[in-house]
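Please open the structure in the viewer and keep the selection tool at hand.

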Amino acid sequence: MKETPDNINFAANNGLLDRRFFLKAGLGVGGGLMSASALSSEGKDRFPWMKQPGMPMGQSGPSRFEEHIKREGVGSQPGTTGSGASRTPIEYLDGIITPSRLHFERHHSGIPDIDPAQHRLVIHGLVERPLSFSMESLARYEHVSNIQFLECSGNSGAMISPKPLQRKASNLHGLVSCSEWGGVPLKILLDEAGIKPEGKWIVASGSDAAMMSRSVPIEKIMDDAIIATHQNGEPLRPSNGYPMRLFLPGWEGNACVKWLRTIKVTSGPSMTKDETSKYSDLRDDGIAELFTFPMGVKSVITSPSLSLNLTGPGIYQIKGIAWSGSGKIKSVELSADGGKTWAEALLDEHVLPKALTRFRSAWKWDGTPATIMSRAIDEKGNIQPTREQWFVGRAKNTFYHFNAIQTWGVNTAGEINNVYL
Amino acid sequence: MFTSKITKIAVNILIILIAQNIFADDVFDGVSPQLGVVISDDYIEQIDFVVMPSGDGLPGGSGNAVTGKVLYSIHCMACHGPDAKGGINGDLAGGHGTISGPIPKKTVGSYWPYATIIFDYIRRAMPYQLPGTLSNNEVYALTAYILNLNGVIGEDELMNAQTLPKAKMPNSEGFIWAYSPSE
């Protein structure tokens, strides 16, 4: 590893370097020399894979050396296989786009095998003209495409545990993903159907076996809701709602009904099972809040993180993801001393509203115990709360919309643990 | 000669107008190609499962807890346990009065705000392995049984489109809206 200059400037205590450290230092940092054995063992200067033509074209899977990067924490309700969740392996990813095969899942009665030729989207209820749309006809409508996150409001729910659970970043915070979502603005279809003046909400229902349903206010629908048909350039994967889903930028994932079949315009919410008994937020006074739609400002350090241990003192890249349901990320601050001093992280170029934003910084670990944490601030001035602040006013075992600061503890061996301060 | 020139100008103007119209459609700008097919009331009846807390959307039919108890043992008990407690998939009864306490226990009876939700959810999604196989009478009966287990109604009380919305859940006052339309 390249030597650090002696006159190095620290941006905060306990080794946090200037966020542009890597840029300033050039490409030499972290390079190192290849070991002699890796250079050649049998041929003069060819690895085995250089001695014959490679695999045929048309392979689409990841390298066999990366097969451990798969959805984590796959679990279903007892007696079922498709009623549960799986998580995005955020600790192994970089950038802001979640590969579709790794997008988190939350289903309520399995993944339906929908024939798009038979599927119809029906808009009915308080409209002038109840309408049915085929996939073929929807393809002729104006499409929009935006890079936006989707987060289950149960994400990070394990963080309410009284004692910190020793789980990987994915198993704590992996119910968030970010995709380029493409489809038809729902406003166009509702304008075509003609909303009656008393139409104030919609009830969206899926064509899964549970006919999952959620009520959504008409303001959101007419603002930026889309009927998503594409994810990262290809048709939606079945696990993300093929052939179409409701997508509500910045709002809790459960309301973005997959396998969307019907939209009924109503005068009020239907008070479905999910929006009342599940995705409601119980306060400590026994009153529960309904329709807590937007996802709060949040960040997570994905590396170093539990299971990605440090291998010795020296310079490391700290990186992670930040997002807010209210707009763009304005800044992410990092601390390596448990929140006493903070330094600003570098944000990657793509800072988009309601999208994952990648942050990075450099850190010189001196081999002593450290606590590293990140804190995001969005363009509306919302600041990611501490764990203590998050609990104020909430019932003890409510876990939806957990967006508090996460702390990773580093011990002298370089092992990472989930810690509470 | 003169008239043919006029005609030529008129045709040109017409071509320009048509072209502008085509291009105007080409730049979408929220313009719909109007491809939605108007559907009949009969068709809507087949696909509309939405039930409102007012009872709007509830179908005909009825049932009580006595019938519901028998149906429950056949279709529900394996996952939800005897008397809707202690099953592998969540209690549907009990937990009353715990919601404002130190360890809130959310069940249908202790937490759910409206009785209509029970009907709506059973009709949509249950039994888990065979959704859509219960008649409306059976769904009303199962709903009545769950309500009766939670002390909301008596075992002979008939639940139907008129009576179900009036069944007052114990925690019906326990909710407020975080969303306000003016936001």
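Begin by selecting A:Arg394 and A:Asp281, whose side chains meet in a salt bridge with N to O at 4.0 Å. The term salt bridge denotes a side-chain nitrogen of Lys or Arg within 4 Å of a carboxyl oxygen of Asp or Glu. The model is a predicted one, in which local features need pLDDT of at least 70 and side-chain atom pairs count only at pLDDT 80 or more, while totals for chains, interfaces and linings use all residues. Residues are numbered from 1 along each chain as its sequence is written, chains are lettered from A and ligands numbered from 1 in the order in which they are written, and side-chain values use heavy atoms, with hydrogens and water left out.

**The two domains of chain A**

Next, colour domain 1 of chain A (120-166 + 174-289) and domain 2 of chain A (298-419) separately; these bounds come from an automatic or database domain assignment. The C-alpha centres of the two domains lie 29 Å apart. Contact, meaning heavy atoms within 4.5 Å, takes in 30 residues of domain 1 of chain A and 28 residues of domain 2 of chain A.

How much area do domain 1 of chain A and domain 2 of chain A bury between them? The value is about 2400 Å², 57% of it on carbon and sulfur atoms. Buried area is the accessible area (1.4 Å probe) that two parts lose on being put together, summed over both.

Between these domains there are three salt bridges, and 14 residue pairs are in polar contact, both residues at pLDDT 80 or more. A polar contact is a pair of N or O atoms within 3.5 Å; within protein, one must be able to donate a hydrogen and the other to accept it, and residues adjacent in sequence count only if both atoms are side-chain atoms. On the side of domain 1 of chain A that touches domain 2 of chain A, select β8 (144-151), β9 (176-185) and β16 (281-282) of chain A, the elements that give two or more residues. The largest share, four residues, comes from β8(A). Strands (E, at least two residues) and helices (H or I, at least four) are DSSP runs, numbered from the N terminus.

**A link between distant parts of chain A**

Now select A:Asp94 and A:Lys319, whose side chains form a salt bridge at 2.8 Å, N to O. A:Asp94 lies in the loop between β4 (84-87) and β5 (105-106) of chain A, and A:Lys319 lies in strand β19 (residues 314-323) of chain A, 225 residues apart.

**The interface with chain B**

Finally, display chain A together with chain B. The contact involves 61 residues from chain A and 50 residues from chain B, and the buried area is about 4600 Å², of which carbon and sulfur atoms give 62%. Select A:Met211, A:Met271 and A:Lys273: they supply 12% of the area that chain A buries against chain B, more than any other three residues.

Which residues form a salt bridge here? A:Lys264 pairs with B:Asp48, the closest N and O atoms being 2.7 Å apart. Among the elements that give two or more residues to the side of chain A that touches chain B are α5 (186-193), β15 (260-266) and α7 (273-278) of chain A. The largest share, four residues, comes from β15(A).
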